[in-house]
Amino acid sequence: MEFRRTHLLAPSILAANFGAMGQAVSLIETSGADWVHLDVMDGQFVPNISFGPKMIADLRPLTDLVFDTHLMVYRPDHLLKAFADAGSDYITIHLEATNHPHRSIQNIHSMGKKAGISIVPSTPVDHLTELLPSVDLVLIMTVNPGFGGQELIEHSLKKVSRLVELRRAGEWDFLISVDGGVNRITAPLVWSAGADILVAGSAFFRSGNPAEEIALLKGIADDR
Ligand code: DX5
Ligand code: ZN
């Protein structure tokens, strides 16, 4: 089976004004972006705290777009139900955050949600091999997680190309998402490495014209 490529844009509300999250989600919708990326940080796995399931539940009625929840949280198992009930469509955990990621993935699936696995820049992509048959999404971090506005670590894109190979060889159909430092300069590199989804925080929310930004990022995608 040949994997059918998609090109999706997922703005991260981490870069939005937390006093106006509803407007941030509306902006994502009207800009022509595809998914809403929700960065959850616990102050332990990463050196920052963002928001929890209530934020997601309160935003859920505002849009039908896919909610792509990225849990940067140690031992996330006891929280998975709360994030599922809040209305996440995809729940992504970190390989580095739990001893039994396969069990967490099973838990996410048992709640009827799509499951993702993410790795930080220092984790080799081959450490994911045993999980690839079970996941719906792999999220490659191209910055050290914790903060928006950092520079993309280009070396990490080799993991994306490697994942494309592994996916082809295994005849799997998980999506490949790239998160961190994505902007109009780096986007062409990320698409050509083989990403299906680009997460963009600062590039989207700091843009004077987010719709144009999305069109530009998607235009870059179409040009490939
Ligand atoms: C980093 C988060 C990212 C981040 C992306 O810990 O997982 O989603 O917000 O932000 P930018 O696009 O500004 O690098
Ligand atoms: Zn993220």
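1. Ligand 1 has 20 residues around it. The closest are Asp 39, Gly 149, Asp 179, Gly 201 and Ser 202. Bear in mind that this is a predicted model.

2. Which side chains hold polar atoms against ligand 1? In Asp 39, a side-chain N or O atom is 2.6 Å from an oxygen atom of the ligand. In Asp 179, a polar side-chain atom is 2.6 Å from an oxygen atom of ligand 1. In Ser 202, the corresponding distance from a polar side-chain atom to a ligand 1 oxygen is 2.4 Å. On its own, ligand 1 has 380 Å² of accessible area, and the protein covers 99% of that.

3. Next, the metal. The zinc ion (ligand 2) has four protein donor residues: His 37 through NE2, Asp 39 through OD, His 70 through ND1 and Asp 179 through OD. These donors lie 2.0 to 2.3 Å from the zinc ion.

4. What is the arrangement around the zinc ion (ligand 2)? It is octahedral, because the six donor atoms subtend angles of 65 to 167°. Octahedral here requires opposite donors over 155 degrees apart and all others between 65 and 115. For reference, ideal octahedral angles are 90 or 180 degrees.

5. The donor residues of the zinc ion follow the spacing H-x1-D-x30-H-x108-D in sequence. Asp 39 and His 70 link distant parts of the chain, 31 residues apart. Asp 39 belongs to strand E2 (residues 35-41), and His 70 to strand E3 (residues 66-72). Both of these residues are buried.

6. Now the overall fold. The chain contains eight helices and eight strands. Its C-alpha trace spans about 45 × 40 × 30 Å along the principal axes. Of the 224 residues, 55% are buried.

7. His 94 sits in strand E4 (residues 90-94). Is His 94 buried or exposed? His 94 counts as buried because its relative accessibility is 0%, and the cut-off for buried is under 20%. The side chain of His 94 makes a polar contact of 2.9 Å with the side chain of Glu 96.

8. Two residues deserve a look at the backbone. Arg 75 has a phi near 40°, a positive value in a residue other than glycine. Arg 75 is in the loop between E3 and helix H3 (80-85). Its relative accessibility is 58%, so Arg 75 counts as exposed. Glu 171 also has a positive phi, near 55°, and is likewise a residue other than glycine. Glu 171 lies in the loop between helix H5 (157-170) and strand E7 (175-179). With a relative accessible area of 52%, Glu 171 is exposed, given that exposed means over 50%.

9. Last, Glu 130. This residue is in the loop between strand E5 (114-119) and strand E6 (137-141). Glu 130 is exposed because its relative accessible area is 69%. How far apart are the C-alpha atoms of Glu 130 and Val 182? They are separated by 28 Å, and the two residues are 52 residues apart along the chain.

Note on methods:
Residues numbered from 1 in each chain as written. Chains lettered and ligands numbered in written order. Predicted model: local features only at pLDDT ≥ 70, side-chain atom pairs only at ≥ 80, totals over all residues. Heavy atoms only, no water. Donors = N, O, S within 2.8 Å, 3.2 Å for Na, K, Ca; no water. Tetrahedral: all angles 85-135°; square planar, octahedral: opposite > 155°, others 65-115°. Helix = DSSP H or I, 4+ residues; strand = E, 2+ residues; numbered from the N terminus. Buried < 20%, exposed > 50% of the residue type's maximum accessible area, 1.4 Å probe, protein only. Near = heavy atom within 4 Å. Polar contact = N/O pair within 3.5 Å; in protein donor to acceptor, adjacent residues only side chain to side chain. Areas by Shrake-Rupley, 256 points an atom, 1.4 Å probe, with all protein chains shown as cover.
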